[in-house]
Amino acid sequence: NSNGYHISYVKNQEWLKYTVNIQQTGFYHINTRYSSIQTGGKIRLFIDDADVSGEINLQNSLGWLNFANKNVENIYLEVGTYVLTVKVEGNVEFNISSLEFIQSTDSPPQFGVLSADTKDDEQTIRLILNHPIDSQNLQVNQFDVKVNGISKSIESLQVDTNNARVILLTLEEFLYH
């Protein structure tokens with residue numbers, strides 16, 4: 001699944017961006033072809049700035065030109081044209097040869113949270129899910145936000161209008177004082 005070329009010695013905080021055209025909505029396995037002389041390289045995949053993969057840990061492939069495959073299963077993608085960002089994390093350099101998208105025939109994975117972050121307003125938490133969610137069934141009392149073990153009151157919640165895998169929780173107070 002490669003043309004013989006690869007990107008060499010990528011390291012922490014570097015990134016790659018591609019335009020991808022998803023032909024069919026569903027779950028996909030994404031196969032990353034890479035090489036490394038150490039364990040500890042990490043990548044994370046984003047579609048239009050929303051995490052779709054969680055952290056992907058790469059192992060030692062036993063040489064810079066000895067490529068291995070890391071398969072991440074059941075990543076939800078919707079039909080459309082998007083910007084795919086590959087963010088490099090961790091303190092280990094590695095080479096990337098290719099990413100291959102294979103539509104899954106498995107049962108959908110169990111519902112869960114991939115990642116979370118805070119918005120610049122310091123009152124909104126963005127939860128990124130591995131499935132789209134039906135916003136009609138969401139209630140504020142289904143969530144509990146704790147900062148340093150102390151519960152914080154939630155003012156509102158909504159599903160992001162641009163991405164049904166993103167829930168925005170807005171707190172009554174700032175996260176940090």
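I began with Arg33, whose side chain makes a polar contact with the side chain of Asn69 at 3.2 Å. I took a polar contact as a pair of N or O atoms within 3.5 Å; within protein, one must be able to donate a hydrogen and the other to accept it, and residues adjacent in sequence count only if both atoms are side-chain atoms.

I note that this is a predicted model, in which local features need pLDDT of at least 70 and side-chain atom pairs count only at pLDDT 80 or more, while totals for chains, interfaces and linings use all residues. Residues are numbered from 1 along each chain as its sequence is written, and side-chain values use heavy atoms, with hydrogens and water left out.

I placed Arg33 in strand S3. Strands here are DSSP runs (E, at least two residues) and helices are runs of H or I (at least four), numbered from the N terminus. Arg33 counts as partly exposed because its relative accessibility is 24%; buried means under 20% relative accessible area, exposed over 50%, and partly exposed in between (1.4 Å probe, protein chains only). I also looked up Gln23, 10 residues from Arg33 along the chain, and found their C-alpha atoms separated by 22 Å.

I then turned to the whole protein, which has 15 strands and 0 helices. Its C-alpha atoms fill a box of roughly 55 × 40 × 25 Å along the principal axes. Of its 177 residues, 43% are buried.

Next I examined the largest nonpolar core, which has 22 residues; Ile43, Leu45, Ile47, Leu77, Phe94 and Ile96 touch the most other members. Such a core is a set of buried Ala, Val, Leu, Ile, Met, Phe, Trp, Tyr and Cys residues joined through side-chain atoms within 4.5 Å. S8 gives the most to this core, with 4 residues. I recorded a second, separate core of 14 residues, which includes Ile133, Val145, Leu171 and Leu175.

For Ile96, leaving aside neighbours within four places in sequence, I listed the residues in contact, among them Arg33, Tyr34, Ile43 and Val86. Contact means heavy atoms within 4.5 Å.

Last, I looked up Ser104, in the loop between S9 and strand S10 (113-118). Ser104 counts as buried because its relative accessibility is 14%. Its side chain makes a polar contact with the side chain of Asn74 at 3.0 Å. With neighbours within four places in sequence left aside, Ser104 is in contact with Phe27, Tyr28, His29 and Asn74.
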